Amino acid sequence: MTATLAPPVRIGKAAVAALGMLAVATGALESVVTPTLPLLQRELDMSPAEGALLSIVLLITGALVTPVAGKLGDRYGGKRVLIRLMAVVCAGGLVSALAPNLPVLLLGQVLQGAMVGALPLSFILVRKHLPAGESKVAIGTVSGLFVGGGMAGTLSAGPVAEGLSRHWMFALPTFAVIGATMLVNRLMPDDPPGRPDDAGIDWPGLVLLSGTLVTLMLVLALAPDIGSQPLVLGGLVVVLAAFVTGWTAVERRAASPMVDLRMLARPAVWKSAVLTFVICVGTSMAVYLVPQLFAVPADEYGFGASATKIGFFLLPGAVAASLAGPISGIGARRFGSRAVVTAGIVIMVTALTALAAVHSEVWHLIIGKAMIALANGLCVTAMVTSTATSVDQGDTGIATSLVLVTRVLGYAVGAQVSGAMLTAATPSGSDVPAESAFVTGFVIAGAVTALSLLVTRTMSKGVKE
């Protein structure tokens, strides 16, 4: 009891840096599949449907693990749960690196999905060991480094897979995760449990949420083929509605729900969740469309860029994304979260509108993508920071995990919608979609993002609600 009530040990810059290194490594490992999916499809003889499954399985498992990790971190201590979670991630990375076929690779990706839970656990540790003002900057830094690591993985995965092998593109970031985890274990002091172990895991809620997410992804994947199989799609929509209804009923009655819907009812949390989802839908549409536009043949309306050139073109966006987190943390501390989120939304809408109107030169896309990456980092980091500091310290992991789940869902929905639009706009017998599909995608993304200003206006000016 005395140990529980004792003030936590203040951490230094080395411990925060270790968390930042872990964020970079996990972000890189999370992002290696997307840019190399065509290569993986060729080497493992995958169909397009199997490739789509591979591209979303990590997102689905991450969305499931994140709220559980945050809940366990609040209950048993952030460091204890984080180290065990990263052991699962490292095992998944090694399985993916050694995978001889698709089923084994899918298993590795399922295990790797646990990495998404590392962020709320890092936030728990930061809030317990740093004063409020410093914790906001540290949360922003860790969030920004995770985004920067994801961009670094996107840029490096192709060259590593082509120069070495697909095995090394999983192995190298996995080794980095192992090293960073060892540093965190050594430099981060133990934090006491935040609440007694009076309830178990909400397994019915976990199963129903799993079914909800899997069905949602299937609905989005099959949406372009609604004309050829409307009954299948209609059946999936009915199943999705049943899963959502059942999950909501179970979570309301559960003594210890996996996702506390009462927490989601708090204004600070639901506003952040809605804004994060909408902004990430707009961001992911641009993230998907810009590389596709780079790759369109030069004799059409694109630039015929190779994978290496596309990675080079996206580098400014990687820099902007990595800087956005610290800038957002400092901005939220000085001006409040609402000002930072509003500024980010305005930047993003401006960039998306400009890309819809002008995309005839490479630098148009480079600058537009960099502005979108900066804006997304500003918004998401400010909202995570706002949420983390607006709830009781013992609820930090649960609240931030809700926001991070909506981030994952936003990215998945935006990417699937963009892919469906390009598929629908591709003439029969051609591999090149109509240019109007890109224009429409950028316009829709900008309009959806602009609508989020209606929610932003109701946010509190300060960080705390």
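How many disulfides does a search of the whole structure find? The search finds zero. A disulfide here is a pair of cysteine sulfur atoms within 2.5 Å. Take Cys-379. Its sulfur lies 9.0 Å from the closest cysteine sulfur, in Cys-280, so the two are too far apart for a bond. Cys-379 is also buried, with a relative accessible area of 0%. Buried means under 20% relative accessible area, exposed means over 50%, and partly exposed falls in between (1.4 Å probe, protein chains only).

A word on the model. It is predicted: local features need pLDDT of at least 70, side-chain atom pairs count only at pLDDT 80 or more, and totals for chains, interfaces and linings use all residues. Residues are numbered from 1 along each chain as its sequence is written, and side-chain values use heavy atoms, with hydrogens and water left out.

Now the overall build. The protein has 20 helices and zero strands. Both are DSSP runs, numbered from the N terminus: helices are H or I with at least four residues, strands are E with at least two. Of the 465 residues, 54% count as buried. Contact means heavy atoms within 4.5 Å. Among contacts with a separation of 6 or more, 81% join residues 24 or more positions apart.

Next, go inside. A nonpolar core is a set of buried Ala, Val, Leu, Ile, Met, Phe, Trp, Tyr and Cys residues joined through side-chain atoms within 4.5 Å. In soluble globular proteins, nonpolar side chains tend to be buried together. The largest core here has 47 residues, and Leu-82, Val-177 and Val-184 have the most contacts inside it. Val-184 touches Ala-18, Leu-19, Leu-22, Lys-79, Leu-82 and Ile-83, leaving out residues up to four places away in sequence. A second, separate core has 45 residues, including Ala-286, Ile-310, Ala-318 and Val-341.

Thr-174 is buried, at 0% relative accessible area. Beyond its neighbours within four places in sequence, Thr-174 is in contact with Leu-29, Cys-90, Gly-93 and Leu-94. Cys-90 is buried too, at 11%.

Leu-172 is also in α9. At 38% relative accessibility, Leu-172 counts as partly exposed.

What about charges? Side chains of opposite charge can pair when their charged atoms come close. A salt bridge is a side-chain nitrogen of Lys or Arg within 4 Å of a carboxyl oxygen of Asp or Glu. The count comes to one. Glu-43 pairs with Arg-166, their closest N and O atoms being 3.1 Å apart. The pair links distant parts of the chain: Glu-43 sits in helix α3 (residues 33–43) and Arg-166 in α9, 123 residues apart. Glu-43 is partly exposed at 48%, whereas Arg-166 is buried at 8%.
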